[in-house]
Amino acid sequence: MASSENTLRIQLTQGAIDNGYIRVPSHQQLFPSKFVAGSDGESEQRFTLLLPNGAAFRTCILGKYKRLQLRLGAAFKELRILPGDYAVLDHDRANPDAYVLTFERDQGRPTISQINATVEGPIAMPDLNRIFYGPPGTGKTYATVEAALEVLDPHYLSENRDDRLALKKRFDELSASGDIRFVTFHQSFSYEDFVEGLRAETDENGQLRYEVTDGIFKSLCVAATAKITEQREAPVDLEGRRIWKMSLGNSLGDDAYIFDECIQNGYALLGYGGTTDFSDCKDREAVFNRFIQRGEAVTQDSYPVSAVNTLLLKMKEGDLIVVSEGNSKFRAIGQVTGPYRVVKRDEQSDSYGQCRSVRWLRVYKPALPFEQLMNNQFSQMTLYELRPGSIDTSKLAALLDTVATGPIEPFRPGDRFGAGAGYEVVHASADVVELAKPNGSRVPLGMSIIRALAEYVRGGQLTIEDIRTSRVFDKLPTTKLEKHIVNGYNNLLPSLVERFVSVQNSPTASKADAKVLIIDEINRGNVSRIFGELITLIEPTKRRGALEALEAVLPYSKTRFSVPKNVYLIGTMNTADRSLTGLDLALRRRFVFKEMEPEPDQLEEIEVAGVNIGELLQLLNDRIEVLLDREHRIGHAYFLALENTPTIEALGAVFRRQIVPLLEEYFFEDWAKIHWILNDHRKPVEYRFVTRVEDDFERLFGDDVPLPRERTRWQINHEAFGKAESYQGVMNSNRQSQQQGIDREVTKGDLTIRRLASGTIEVWEKGAKLPEAKATLRKLATEMGLKTSHPSGNSLNTRALGNSVIDALKSGAM
């Protein structure tokens, strides 16, 4: 559509997108004054606004705030609008009182119709250090799953945001691979646990020695900076291969050079046995006798005999070797390629003469933490077999994988593409993506075709629309692509190419090598003691590669250390344990904080015995906030299980096992306040959760003991937890006597919106009750510029929407 001279082209900011606003400048000529509301929020007339998805709304311009009254948060989310994109407002040529809203992409990024969204809307880069804080039960730890995937796999997150099971499965996969680590701070947690410390170890000769051991944070930082310095194609099939752990010198000892020599020359050396030739030994006894001939004081069970016997007789060509560095790291993986042999060591003057030829498949610098390969730490023994229980073969296969498609996989089994999303991906590799057609047959498409088309699109030689309309060969007559494939699958290839381009150009694609450390209960540990000198180094501006980057010399290893910029810290903080104001100031300055509040609206659809659980939680929290503070409120998560089992028994279990004990902790057993929170003072005795015990002091102690008579004892009334009246009484002492009827009623045009005494919302049109009220209420709320979703992004339910619309209409907002 051609633009008029009055067309408004407005660049959207992050704040505008977060709030769903489109700003309209004061000095504009597109909208006449009749559509601009004054300070009272009322305009002379309203106009129709047509959205890109075909929806139409009646709205106006709020002159006081210089923006559209209609909030467009849902549209921004649906269309994947990002900061920097443009909202374009223009006349609808067919209707003088209607306007059309379209969007244009920021020319500084690819023109792709679906740029992947990240957690909490279109944030280009997640914060390096952030903390979710709030009262118990508000979903802080729950939120860390999406926050971690936002960093490590934003494409998967955007595709499966509504599938919690899929997100948790992907989170667990990344945890198993070592990309996500989880730790809980507590009072005994120390610098040695977090950064590095000394640990006593016993070597294969029984000698005690102390080794520097990396803590969870340092090991994650090391893994994040590790690079593959040697890489060769690995065997396709690992099945049936024995895997051996082997030490090649001590990285901190006089023989540290052995590792580099082995990598450079393509072999593995063993220090036991010197340069003695054992090649004619056929069994362990022969190996032992050869040691005796050397004049060594050994027994048949001595470890030197075992080590040579393993290298000579047990290790076979094709087996794999994992080279350890200490007990907690590994630095190379190789494949045995030759028989046993002896090498002369006259020049080196050492005992490393026992040799096997090795093809080094992967060499890492610095060494990787054992968690990325093993289920437990390595033993001190120089050479031994890694059994299936100790090594994770799936992790080994991933480390040796040579068919990775890039930082983020563009296609995964289960993804759907094409017209009506009728084609489902059943297999994807670096060479081919195979899809199941709607009729059940399968079509394989070469990744080379998709990559070639994507390159043309990125280079501006083609558009996605060119592929869809079979204009590829008109624009690129010299291309070597197969015409019958490209044009024959023009209903499928455009969406595949679009996905591939969007993933390759994703602003978070480069974070595939990132690592995430989740610190639960971060405020329960002694932060200064745990972080030590690293509290400064975690700042974004002080990290490795930043302009103000800093290094510190660690106290145990005496090595220089800095925090890489691809390590993300995500913390959780329970404000019931410690308020934000009491948190270590050094920590507060270096983290971004996101408050997680109780969301009673998530419980509005749950009713148990006539009690609306959302209203119940809101009232409890209102009372807690008055008697204590907002940091000790109760989260909605405690009640979510009632959605599946809305029974008195289930509600009673929540109150008995969680809510009342939590209140005891909050009020330090000040039972009078707990009594008030639960409204027990206004209930009949049999419905009170907490009851006062009337003590007979004379019976208990006689007349001679001068006890203060004002002391009161309290007890839990367990029978009350199973009675509906107990919970009805929390809401209102007279609640059970209320008659069902119309509590409030408003009208708008042909619509009548009612709230019944029970809290139920009904919508009537021309005297007939609508069978489904939510869609109509949502449309009304959007027209009126009212909120339609929670801060978390979840849609408001029927009750919340209805109450909002009723309140707005009663106050005369429309």
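How many bridges join S1 to strand S7, and do the two run parallel or antiparallel? Four bridges join S1 to S7 (residues 86-92), and the two strands run antiparallel. Strands here are DSSP runs of E with at least two residues, helices are runs of H or I with at least four, and both are numbered from the N terminus. Gln11 stands opposite Tyr86 in S7.

The model is predicted: local features need pLDDT of at least 70, side-chain atom pairs count only at pLDDT 80 or more, and totals for chains, interfaces and linings use all residues. Residues are numbered from 1 along each chain as its sequence is written, and side-chain values use heavy atoms, with hydrogens and water left out.

The chain holds 26 helices and 36 strands. Of its 814 residues, 50% count as buried (under 20% relative accessible area; exposed is over 50% and partly exposed lies in between, with a 1.4 Å probe and protein chains only). Contacts (heavy atoms within 4.5 Å) were considered between residues at least 6 apart in sequence; 63% of these join residues at least 24 apart.

S1 and S7 belong to an open sheet of five strands. The order is S1-S7-S8-S3-S4, with mixed pairing. Two strands pair if DSSP finds at least two bridges between them. The edge strands are S1 (8-11) and S4 (56-59), each of which pairs on one side only. On average, neighbouring strands of this sheet are turned by 25 degrees against each other, direction ignored.

Helices H3 (residues 140-152) and H5 (residues 164-176) have axes that come within 10 Å and cross at roughly 65 degrees. Axes are lines fitted to C-alpha atoms, for helices over the stretch in contact, and angles run from 0 to 180 degrees between N-to-C directions. H3 and H5 are therefore roughly perpendicular (65 to 115 degrees; under 35 is roughly parallel, over 145 roughly antiparallel and the rest oblique). From H3, the contact draws on Tyr142, Thr144, Val145, Glu146, Ala148, Leu149 and Leu152. H5 contributes Arg164, Leu167, Lys168, Arg170, Phe171 and Leu174. By class, eight of the contact residues are nonpolar, one is polar and four are charged.

Helix H10 (residues 303-314) is mostly covered, with 10 of its 12 residues buried. Among them are Tyr303, Pro304, Val305, Asn309 and Leu312. The cover includes helix H9 (284-294) and strands S14 (243-247), S15 (267-270), S17 (329-342), S18 (354-369) and S19 (383-385).

Key. Nonpolar A, V, L, I, M, F, W, Y, C, P; charged D, E, K, R; others polar.
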